[in-house]
Amino acid sequence: MKVLGTGKDDGRDATYDGPSGPTSPERPVGHDHWDGYHVFQAKHHERPLNTQASKTWLLAQVRRELAKWSDTVTRNGKVELKRKGQRPDYYVVITNVALSGQIGGGIDEVERLIRDHAKDPANQWPIRDCAVWDRSKVERLLDAYADVRMTFNGLLTVGDVLAALAGGTMTDPTVALADAVPLLEEHARAELLHRGKLALGEAGHLANDRIDLAGVAIDLPAHGESESDPISRIRVLRHLITRGNRNQRPSVTGGASPHVLLMGGPGQGKTTLGRILVQTYRSALLQDRPALSEDVRRVVGASLTRATEIGLPSTTVRRWPFRVDLSEYATAAGPDTPLVEYIAMKINAATGAAFTAKNTRDWLAAWPWLLVLDGYDEVAAAHARDLVAQAVTNLLQTAATLDADLVLVVTTRPQGYANELPPSLQQIHLANLSAKDAVAYATRLTNVRMGTDPSKGEVIERITAAVDNEVTSRLMRTPLQVMILSLLLEKRRKPPQDRAALFAAYYDVIYDREVEKKNFLSDVLASHRLDIDAIHRTVALTLQKRAETDFESESLMPAEELHQVIRQRLVDQEHFGPELDRLVTNLTRAARDRLVLLAANGKNQVGFDLRSLQEYMAAQALTFGPDPNALTNLNAIAHSAHWRNTWLLAVGTLYRDQPHLFDGVLQGMRDIDADDTLSVLAPTGPRLATAILEDGVAANNPKHVRLLVAHALEALHGVNLGASRLGEVLADQPDLNAATRTLIVRALQSASTGQPENQQAARLVLAELRGKNQVGELAAQARQLWSSSGAARLVPPSKAGRPVTLADALPDATRTWPKSSPARTFRDHLRRVKTTTDESGVFAIPEGLSVPASALEVVANPDQLLEVVTAIDAINPTNWTARATITALLWRARERRPVADTLDFALPQ
């Protein structure tokens with residue numbers, strides 16, 4: 001049997017050529033011996049119909065298919081069949097609708113239609129026989145063929161799983177099969193209610209307010225990777241559910257991977273998307289189950305209704321969904337604990353059962369799964385990241401061994417990601433919200449939050465105006481930004497102008513609301529704002545530093561430690577005696593629930609609801625104090641991916657509150673490269689300048705924009721890293737003045753005639769500037785330069801060619817590096833990276849390279865780094881692909897180096 005899968009199939013969902021008689025398992029039950037070419041065609045109706053309506057619908061479907069089999073076309077004066085390929089000897093229509101089996105009923109009528117069509121010589125379709133399998137026939141076949149039923153059991157109702165797993169118990173005698181399914185249903189019900197609310201930051205509510213996840217669920221745009229279109233535009237949830245609606249057992253797919261790595265920047269909605277996806281599958285899993293409580297039934301109905309409203313397809317495969325917070329996993333269980341064991345632990349915690357890792361493996365083998373592993377980027381410590389990556393690899397190997405029907409979704413920020421996870425995960429990159437998406441989401445949030453408030457229309461008008469403004473529209477590109485800005489515009493008429501100001505205003509709104517509550521804490525908040533600000537800064541910076549190196553990755557502080565932070569701050573301000581004890585008691589008590597942005601997690605720990613809020617407060621800590629300290633702190637963390645968002649928010653804070661320091665920021669971006677050996681090949685400063693431009697920090701100051709653009713354009717020289725991003729950001733800059741446009745064009749002209757790596761960088765930037773949606777003088781000049789320069793014709797070599805390794809690109813002298821040195825170990829790693837080279841000596845770019853431990857050792861040793869950088873610089877400039885690939889490994893290793901210990905200041909009090 002050959003299954004043809006999705007897409008155009010010329011009327012064939014499956015084919016079989018051979019006998020299907022009494023001794024053949026492929027025999028169409030109830031018919032005489034068949035021997036020949038069989039064509040099977042499936043016709044699925046999403047909603048059940050009565051038998052008369054089913055017959056009418058199926059007859060219309062079959063008529064269309066029969067016409068396609070017999071359509072003709074005239075080619076070169078000769079009439080030919082339009083549909084090519086072998087004509088079927090036997091034709092089987094399979095449908096999920098119910099037809100009458102009586103003589104002359106629906107089944108007979110459809111079969112008669114097929115036979116009458118075949119008898120007409122004009123149709124050129126002389127089949128020998130046909131059959132129609134309706135819902136009843138399919139159900140009988142599934143009853144008879146348990147192996148088929150078990151392979152596709154996710155298409156059945158949840159109650160059928162007991163029959164689908166009829167082979168025995170789940171090994172552990174304490175968890176019988178009859179108990180396993182109710183247990184997992186219990187877990188799904190508990191999680192459905194527990195995870196059915198969104199807290200601060202995820203949907204736009206304040207402090208302790210929580211909102212139904214279904215109420216604000218949206219689908220987000222992204223760029224997918226496909227062979228036909230490398231930058232295809234998709235909607236994430238729609239894409240994942242469509243993928244999940246197919247059987248993904250390797251034995252069915254032929255080994256094609258269904259797994260996804262969802263990548264997005266701060267606040268782009270990765271976590272919320274994962275929660276919506278899991279909640280939608282939980283609801284689909286439970287919707288047909290009896291005896292659901294009213295609360296569960298309400299959440300199920302709301303989730304499925306909202307899924308329909310936002311255009312999600314029905315979940316036809318009832319996958320069992322599970323979500324793992326990877327930072328919690330790394331902390332609570334330790335990433336050397338297998339994921340199947342951790343999942344069993346979480347099931348037991350929610351249900352009080354005694355599920356084991358073996359039970360989890362058996363369930364994975366038996367039933368389709370959706371598994372979301374959220375927040376790989378939250379695991380910052382290098383050793384912990386490697387162990388988590390290995391745990392993911394081990395899980396996928398287990399799933400392949402079990403022939404499991406698994407769809408895995410892992411989320412991470414792109415900053416600092418070094419391809420540690422298996423290459424079988426297809427990368428999907430979240431895109432910025434369009435103006436239409438931003439307004440729609442903000443409107444939804446406002447409607448949910450404000451209900452029938454008569455001022456709601458005015459708030460929505462302010463939101464629309466903010467989207468239409470070139471400066472403030474930058475602050476509505478992610479769901480988090482939209483949430484904060486829509487909240488602020490309920491209270492103020494004009495929005496902030498940059499991200500740091502956005503978070504500052506958000507903190508002020510939250511603080512003011514807490515003061516207005518008039519409870520035991522409000523007077524303390526009103527009188528001690530400076531103290532509470534300092535406590536937030538201290539906690540944020542402590543957690544941000546700790547996450548970089550601590551094996552316990554979860555960003556939480558024990559309540560007792562917070563108590564000490566509060567006391568120390570108040571003691572430093574010379575509070576003492578009963579007043580000190582009263583303040584400490586009140587603030588500690590408040591933190592057990594919520595202290596402005598600090599919230600308890602129910603485990604005697606506190607932290608920030610969102611990582612972006614923690615990073616904002618850490619940025620405040622970095623810039624608090626004497627001017628030289630602020631600039632020193634920025635330089636210390638500039639190379640680090642873990643600190644990148646904090647660095648940008650700190651720059652935004654300085655630009656707003658201490659603008660006289662901005663020249664020092666610009667100089668600091670040059671100083672960090674002057675003191676760094678790797679910057680000879682790939683400086684960090686131009687990438688930071690690009691990031692500041694993207695953040696819009698200096699958007700209203702043409703001089704500062706020009707200075708930043710000049711620095712960012714230096715990315716066109718040296719090894720080509722980050723040029724695509726530079727092109728996107730430059731194309732997005734509003735109203736560049738003539739001097740800045742001239743600067744850009746001249747830099748691109750110079751790079752287009754430079755070394756191959758510079759030409760490639762220019763090509764990537766020009767590709768963005770000349771895009772079909774780009775207008776204006778700069779776009780016109782970019783199109784002219786694209787067509788007139790050789791940059792447009794420069795492409796990497798194909799993978800066909802002479803086999804080589806990356807180490808072959810290095811000078812021969814590197815062979816004599818001492819065997820025990822980090823440089824030699826790094827070269828040995830490059831010897832294991834296989835690729836090809838063309839006749840001109842240009843290497844093909846290997847895919848999915850992860851950062852080896854030897855690269856981390858090299859960047860940590862200045863002498864060894866100098867050796868390796870000198871060797872890379874000696875590679876023939878023509879072989880720009882090898883230079884870029886090897887440099888990128890060191891670049892990503894440098895981004896992962898811990899830098900917190902180099903910060904030259906004490907935590908602010």
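Because the model is predicted, local features need pLDDT of at least 70 and side-chain atom pairs count only at pLDDT 80 or more, whereas totals for chains, interfaces and linings use all residues. Residues are numbered from 1 along each chain as its sequence is written, and side-chain values use heavy atoms, with hydrogens and water left out.

**Overall make-up**

- The protein chain holds 36 helices and 22 strands, where helices (H or I, at least four residues) and strands (E, at least two) are DSSP runs numbered from the N terminus.
- Of its 909 residues, 55% count as buried, a term that means under 20% relative accessible area with a 1.4 Å probe, protein chains only (exposed is over 50%, partly exposed in between).
- Among contacts between residues at least 6 apart in sequence, 71% join residues at least 24 apart, a contact being heavy atoms within 4.5 Å.

**The five-stranded sheet**

- Five strands form an open sheet of mixed pairing in the order β1-β2-β3-β6-β7, and two strands are taken to pair if DSSP finds at least two bridges between them.
- The edge strands, each pairing on one side only, are β1 (2–3) and β7 (129–133).
- Strand β6 (residues 90–95) runs parallel to β7 and is joined to β7 by five bridges; Tyr90 has Asp129 as its bridge partner in β7.
- Two helices lie across β6 and β7: helix α2 (residues 106–119) runs at about 150° to β7, while helix α3 (residues 135–144) runs at about 85° to β7.
- These angles run from 0 to 180 degrees between N-to-C directions, and the axes are lines fitted to C-alpha atoms, for helices over the stretch in contact.

**The α9 and α10 pair**

- Helix α9 (residues 270–286) packs against helix α10 (residues 294–309) at an angle of about 120°, with the axes 9 Å apart.
- The two helices are therefore oblique to each other, the class left once angles under 35 degrees (roughly parallel), over 145 (roughly antiparallel) and 65 to 115 (roughly perpendicular) are set aside.
- On the α9 side the contact is made by Gln279, Thr280, Ser283, Ala284 and Leu286, and on the α10 side by Val296, Val299, Val300, Ser303, Leu304 and Ala307.

**Leu785**

- Leu785, found in helix α32 (residues 777–788), is buried, with a relative accessible area of 11%.
- Leu785 touches Val745, Leu748, Gln749 and Leu766, not counting residues up to four places away in sequence.
- The C-alpha atoms of Leu785 and Ala762, 23 residues apart along the chain, are separated by 9.9 Å.
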